[in-house]
Amino acid sequence: MTSVVDKNTARPVTPHGILVEQLQKTLALAESANTPEQVVTALRQAYQLAVGLDPYISDHTTPESEALATLVQQTSSEDWTRRFTDGETVRQLEQEMLSGHVEGQTLKMFVHMTKAKNVLEVGMFTGYSALAMAEALPDDGRVVACEVDPYVASFAQNCFQNSPHGHKITVEVAPALETLQKLAAAGESFDLIFIDSDKKEYVQYFQIILDHNLLASDGIICVDNTLMQGQVYLPPEQRTANGEAIAFFNRIVADDSRVEQVILPLRDGVTLIRLSLF
């Protein structure tokens, strides 16, 4: 019988992680075939250069809090496939959807740098990024987190109880587009907005945020998965529906004169967007 841990074994979901896996496979093929030694040596050096990068970055990044580490353990131990099969979740979920240590610490740094007090998260999953950002907020700061799945929202809220910062997080359980419209109608504005939800709706999120002034004038939008496993720069025939959606989103943002943006090669790609000064 396959254990829960085996079912949830992490798979490469970033361009770098996929590259490492491909280099490992290519090196193994070269070593088992009649390949010139200089080719094998070059492949081995390339693999060593690639495989050591993520662990080194993680080892030299401020450790996550105990509450975040516990959240990771609980998320990894959950049998998400069974939850979906049993109808407890509205979609198939997996542990790789967590933002993770380095991205979580990056988001915390952004909160500190921007001196944000009001944060909006579009797409929460089990709450790693929401809690990471809450840890950087002042005691009167708040994170409004959008999550469509009642089961995972409850899971996250239980995890938040392990942290002294959990009280800063309010979870809105509804489709993200509905919550954004609700916040816009209430005249809300946020210093930092983190988008990590349905990729096919990214353009709509972006347009609602800008059209309804949900972003403060000096605020920042952080958008996750904007490299989408490398699919956005691979030939179009190698793209999934999500890859195509992200490629479209990236072009929409790049062509919008209202904003300035930069894509960071962090994990699966993070785009930073701010309102243009010109």
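**View 1. Glu-121, a buried residue without a salt bridge.** Glu-121 is buried (under 20% relative accessible area, with exposed meaning over 50% and partly exposed in between, for a 1.4 Å probe and protein chains only), yet Glu-121 has no salt bridge, a term that requires a side-chain nitrogen of Lys or Arg within 4 Å of a carboxyl oxygen of Asp or Glu. The nearest side chain of opposite charge belongs to Arg-91, 10 Å away, where Lys and Arg count as positive, Asp and Glu as negative, and His and the chain ends are not counted. This is a predicted model, in which local features need pLDDT of at least 70 and side-chain atom pairs count only at pLDDT 80 or more, while totals for chains, interfaces and linings use all residues. Residues are numbered from 1 along each chain as its sequence is written, and side-chain values use heavy atoms, with hydrogens and water left out. Glu-121 is found in strand 1 (residues 118-122); helices (H or I, at least four residues) and strands (E, at least two) are DSSP runs numbered from the N terminus. Leaving aside residues up to four places away in sequence, Glu-121 touches Ser-129, Ala-130, Met-133, Val-144, Ala-145, Cys-146 and Phe-194, contact meaning heavy atoms within 4.5 Å.

View 2. Strand 2 (residues 142-147) pairs with strand 3 in the parallel sense over five bridges, and Cys-146 stands opposite Glu-172 in strand 3.

**View 3. Aromatic pairs around Tyr-202.** Rings of Phe, Tyr and Trp (its six-membered ring) pair if their centres lie within 6.5 Å, and planes under 30 degrees apart count as stacked, over 60 as edge-to-face and the rest as tilted. The rings of Tyr-202 and Tyr-205 have their centres 6.2 Å apart and their planes at 45 degrees, so this pair is tilted. Both tyrosines, Tyr-202 and Tyr-205, are buried. Tyr-202 also forms an edge-to-face pair with Phe-249, at 5.4 Å centre to centre and 75 degrees between the planes. This pair links distant parts of the chain, with Tyr-202 in helix 11 and Phe-249 in helix 12 (residues 241-254), 47 residues apart.

Methods. Two strands pair if DSSP finds at least two bridges between them.
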